[in-house]
Amino acid sequence: MRVMLRARFDTQVANKAIKNGALQKIMQSMTEQLKPEATYFGPSEGERSCTFVFDMKDSSQLVVISEPLLEELGAKVEIQPVMNADDLQKGLAAAR
């Protein structure tokens, strides 16, 4: 299922993670693990944030995906199902 992960990082924890290289390592590891169709980085609500759109094959991945963000970056993490335009059209056609 296509999902979108949004994470906002605690500023003080992220500052330390940038200085010691942990932030870069976590983002690289997530990119390699998730193989996202899209990845974005930028400010959100005054904090550093990232957004990944990827295919989650099993809900048990929630733990593996979110724990490094929670433990190492003090992140607030949201993961929710999403659709692209093709998915929407397919769903609308099936709903008729």
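Residues count as buried under 20% relative accessible area, as exposed over 50%, and as partly exposed in between. The views below are taken from a predicted model.

View A. Leaving aside residues up to four places away in sequence, Leu70 touches Ala75 and Val77. The C-alpha atom of Leu70 is separated by 8.6 Å from that of Phe9, although the two residues are 61 residues apart along the chain.

**View B. Leu69 and the largest nonpolar core.** This core has 19 residues, and those with the most contacts inside it are Leu5, Phe9, Met27, Met30 and Leu69. At least two residues of the core come from each of β1 (2-8), α1, α2, β3 and α3, with α2 giving the most, namely 5 residues. Leu69 itself, not counting residues up to four places away in sequence, touches Leu5, Ala7 and Phe9, then Ile26, Met27 and Met30, and also Gly74, Ala75 and Val77.

**View C. The packing of helix α2 against helix α3.** Helix α2 (residues 22-34) and helix α3 (residues 61-73) have their axes 11 Å apart and pack at an angle of about 175 degrees. Angles over 145 degrees count as roughly antiparallel, which is why α2 is described as roughly antiparallel to α3. From α2, the residues Leu23, Ile26, Met27, Met30, Gln33 and Leu34 take part in the contact, and they meet Val64, Ile65, Pro68, Leu69, Glu72 and Leu73 in α3. Sorted by class, the residues in the contact of α2 with α3 are 10 nonpolar, 1 polar and 1 charged.

**View D. The crossing of helix α1 and helix α2.** The axes of helix α1 (residues 11-20) and α2 come within 5 Å and cross at roughly 90 degrees, and the two helices are therefore roughly perpendicular to each other. In this contact Ala17, Ile18 and Asn20 of α1 meet Ala22, Leu23 and Gln24 of α2. By class, the contact of α1 with α2 has 4 nonpolar and 2 polar residues, with no charged residues.

**View E. The aromatic pair of Phe41 and Phe52.** A pair of aromatic rings is described by the distance of the centres and the angle of the planes. The structure holds 1 aromatic pair, in which the rings of Phe41 and Phe52 have their centres 6.1 Å apart and their planes at 85 degrees, so the pair is edge-to-face. The pair links distant parts of the chain, with Phe41 in strand β2 (residues 38-44) and Phe52 in strand β3 (residues 47-55), 11 residues apart. Phe41 counts as exposed because its relative accessibility is 52%, whereas Phe52, with a relative accessible area of 0%, is buried.

Methods. Residues are numbered from 1 along each chain as its sequence is written. This is a predicted model: local features need pLDDT of at least 70, side-chain atom pairs count only at pLDDT 80 or more; totals for chains, interfaces and linings use all residues. Side-chain values use heavy atoms; hydrogens and water are left out. Axes are lines fitted to C-alpha atoms, for helices over the stretch in contact, and angles run from 0 to 180 degrees between N-to-C directions. Helices (H or I, at least four residues) and strands (E, at least two) are DSSP runs, numbered from the N terminus. Angles under 35 degrees count as roughly parallel, over 145 as roughly antiparallel, 65 to 115 as roughly perpendicular and the rest as oblique. Contact means heavy atoms within 4.5 Å. Ala, Val, Leu, Ile, Met, Phe, Trp, Tyr, Cys and Pro count as nonpolar, Asp, Glu, Lys and Arg as charged, and the others, Gly among them, as polar. Rings of Phe, Tyr and Trp (its six-membered ring) pair if their centres lie within 6.5 Å; planes under 30 degrees apart count as stacked, over 60 as edge-to-face and the rest as tilted. Buried means under 20% relative accessible area, exposed over 50%, partly exposed in between (1.4 Å probe, protein chains only). A nonpolar core is a set of buried Ala, Val, Leu, Ile, Met, Phe, Trp, Tyr and Cys residues joined through side-chain atoms within 4.5 Å.
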